[in-house]
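Open the model in your viewer and keep the selection panel at hand. The tour below goes stop by stop.

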Amino acid sequence: MMMRATRRGGTRFGVAIAVLFLASGAWGALPENWAQTAEITATSAFDLHMYNPHNVANGLVPAELSQHDAGEAWCVNGATHRDGADITFTWPEPVPISTIVYYGRTAWMLTECWRGYEVYLDDEPEPVKIGEFALMHGPQPIALPERRHASKLTLRFTSNHGGANPGASEIEIYPEPPDPEALEAFHANQILRIMPWVDQVDPAALRGLIHDLVELHDSDGYPQHTEHLAELERLVQEGSDPDALARLQRDVLLFDVDQLLVIERWEINPSHVYTYHYEGFRAGGGLYVVDADDPANRLKLVSSPEGQILDADLSYDGQTVLFSWRRRENEGYHLWTVDIDGSNLTQLTDGFWHDYNACWLPDGGIAFLSSRLPQFAYCWDAPVGVLFRMDADGSNVRQLSANYLNDFTPYVLDDGRIIYSLWEYVDKPAIPIQSLWTINPDGTGLLGYFGNRVLSPGTFMEARSIPGTDRIVCTMTGHNGPARGALGIIDRSHGVNAQEAITNITPDVPVPRVDEGDGNTDGSKQYSSPIPLDRIRLLTSIRGPVLARTFDGEAQSLALDAPVNGRQYFNAQPVHSRPRPPAIASALPETAPDEKHAVMYLQDVYEGLEPHVQRGDIERIRVIREMEKTVRISPEYLAFGFQFPVVSAGATYAPKEVLGEIPVDADGSAVFTVPAKTPIYFQALDREGRAVQRMRSFTHLMPGETHGCVGCHEDRLDTPQVNPSPAFRNPPQALEPPEWGSGGFDYARHVQPILDRYCIECHSPHDAPDGIDLSGGRTDFFNVSYDVLARENQGLEGSPYVNWIPTYNGMEQNILEVTPKAWGSPRSPLADLILNGHPDETGTPRFDMDETSRRRILAWIDLNVPYYGTSETAYPENEGCRRILPVNLDATLAEVAQRRCIVCHQDGNIPRREWVRITEPELNPFLLAPLAKAAGGSERCGKAVFESTDDPDYRKILDTFSPVTRMLAERPRMDMPGGRPDPDVCRDTQ
């Protein structure tokens, strides 16, 4: 039962929830739901275990587009009943029926709702009601022409809205028409049905909470404590009164909260955690100040009937609200301010992009995310939002982050640093990880805070300092789906990737261990927007309502009901002033002597490498830039995992630019300049040029910044010994650029010429030993040698010839392997061959490759085998935005094989490699093998199937390549001479 009461004096408005809360509400009781007493059958079910018809009477309505309704909904097997099905409710005796309420199956997509329906009672041949359901989430009542008694009700669905497996999330059957507001209230707050602990009170725990709050805030800070203790003792002495105890617990938890600033909007259910800024738009709602004593008393600050407010932050003095507002669907989010009384509404930013996730800075400025740069997520079509700052009036906009992927939810810690989530995958699969990082408000001092090398949770976001502690609270969720999940306390004193550092304070949402899972989190994932009130209490949104609770979970009360219109409350925060963190003075010179560079100090590269690497083994540091994706393309064109455009055969997502190398002093130190505002990472190279360790994250520095690191993968929590190297007294070294020049590393330009010089005399198309053809003809995606070395016969550690880090979904465990020499050239047979000269059976080297060429091939391996040096594409509409194949090749080969090759290939399938040559197509094995040697073939078929190149079937196969040849002459691919980006590719950042 849900009850409301208002008491005068010191006891504030309270709410209690009991097991049967759905049966009544603030606006009147709902009638008895006969569906919950019926035997329920259906003519089809997709899965009787997960989508049983009885699920429609469990009182749960999965959230719209939440991607989770197994066990909570019913749907048909679309292969057999997509166009119609019956669901039948049967009772032992007739029951009165007046109204049926249908909730469509909207958890996966709105189109999985039924459209046409007919209602039948008992065995009557004619329906008592015929109609159509709207395409929507939420209750849709069916009122019968008159109240009837029946022992069987059949709801026959006759059409759908287009989904593959239509069904119902819930069906209710009432004897009387339900009160519409009571129905909406039930729907809005039904999440509480799976949270029975809310408003359940342990008097001893409540007594302890009151004493703890007095100790924290003293008697003057918590003047109601005497009254609260007296009320508690009275209630305990008089006996159990759950509602009164629930009201008292809520009063205690909100003793210093008179008003709450809240956003009302529809829940956003994006496809990925990093797409919440542009997916899931649904107009409606606004920005409100709600009276905590009387939540029905709301002051509307901003109305948004055509738009959507994403987030909000109240200024330190409690007077001004900063918020992200998308006023219309065809606009981006932009930043606005409004005074707490609703006056002085002011727009701060504008443009054809999104500005969002803004927070106030202690120096009076504003930090925020913006997608104004033309760069996009590599594994999706999301415009990338990264960290910026500006003055309070919207002027002086400056970029702080050089990320090429998304940043998330910046906020200022109590020590003045900005904490935010940073997504990166330097030689990592795309799902984990979106970990926590800190940066100074001037953009200097970027440091990993927590979770950069864990599998679960995949995403840490919405981080806030817990006042008076060194800990933070945050939302822990997964890579796919909405930006909700569990709430976690992070205590990094236990380690920056340690399981012991994480306390899941919402164990009803399980999160796998840091070394388990794939970066996604299952379950209800109902928590978001954690806002600490002090080190004991916090507020959090739970998919509609707002909870006030203790961090330890001993007391949890409903602070705000969900809005009765089906929308939800987010970013609930108390309306009062709060301590202003210290304003960190900028470490940057007012005028940097070099506006394009910063300086790195490396104390000892061996710190973190020993004992796997011996002192004296490291000669150089390589500096590499991760290159942004500059095109916005639909994921429907993906290949090799989620690459579009394709860059590698399942290895690196991003093109790489080697910016240069610098020598390391004998003591392991180095001082050098790096480009500012550039995502860079480092590799430690041995004397042969092998990367014995690679930094599998990136960093960036501001112009004029000086930044230091102790070693290579040293423990961030260790206190380093300060041993200034003599090298530190010298001017910083400039990077020595690579001998091949600037720009992205391009296999066809940088590696293939070396193979042409040293390898293809033996490894040619005609007679390649073991099929290892190292020639450079272009293939469907890449070229021949790349396909042979990197694409074919892939495994968990690359290919048989080259060890590389796979980045496919499902390969997430490899992010835990950071042992020196674990990846790349130290583990690659190809690297061994080029270093030892590929000796023959007698041990005599077959070639003596020059050092420059050797180092270039080793660099390619250690860059995680990129092929393309750019994310630009000349063929955005092709698979992987790269693949080119003759349209009729497969059909032609099959037809010829049935006539000419059936004697040897009884199944009619000609042996094929994974790749097909598109230049010099006559060198494809399926044309060389059947061609007579005298005609230039290899005759590997054992006999000449085609005596000459004039054979009609030979010509028929070869002619399928003619359109491709003409097309490539007019529009070369990006790995070919003259390749140019498609001028019409999308670059929209909104």
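Select His-763 and its surroundings: beyond its neighbours within four places in sequence, His-763 is in contact (heavy atoms within 4.5 Å) with Ala-768, Pro-769, Ile-772, Asp-773, Leu-774, Ser-775 and His-838. This is a predicted model, in which local features need pLDDT of at least 70 and side-chain atom pairs pLDDT 80 or more, while totals for chains, interfaces and linings use all residues. Residues are numbered from 1 along each chain as its sequence is written, and side-chain values use heavy atoms, with hydrogens and water left out.

Stay on His-763, which sits in the loop between α7 (752-758) and α8 (784-791); helices are DSSP runs of H or I of at least four residues, strands runs of E of at least two, numbered from the N terminus. Show the 2.8 Å distance from its side chain to the backbone oxygen of Ile-772. His-763 is buried because its relative accessible area is 13%, where buried means under 20% (1.4 Å probe, protein chains only).

Next, select Glu-231 in helix α4 (residues 225-238). Glu-231 is also buried, at 12% relative accessibility.

What is the volume of the largest cavity? About 380 Å³. A cavity is a set of points on a 1 Å grid over the protein atoms alone where a 1.4 Å probe fits but cannot get out, and lining residues have an atom within 4 Å of a point; the volume is the space filled by probe spheres set on the points, which are joined across faces, edges and corners. Strand β13 (308-314) gives the most to this lining, with 4 residues.

Terms used:
Buried < 20%, exposed > 50% of the residue type's maximum accessible area, 1.4 Å probe, protein only. Polar contact = N/O pair within 3.5 Å; in protein donor to acceptor, adjacent residues only side chain to side chain. 1 Å grid on protein atoms, 1.4 Å probe; cavity = no way out; pocket = protein on both sides within 12 Å on 5 of 7 lines; lining within 4 Å.
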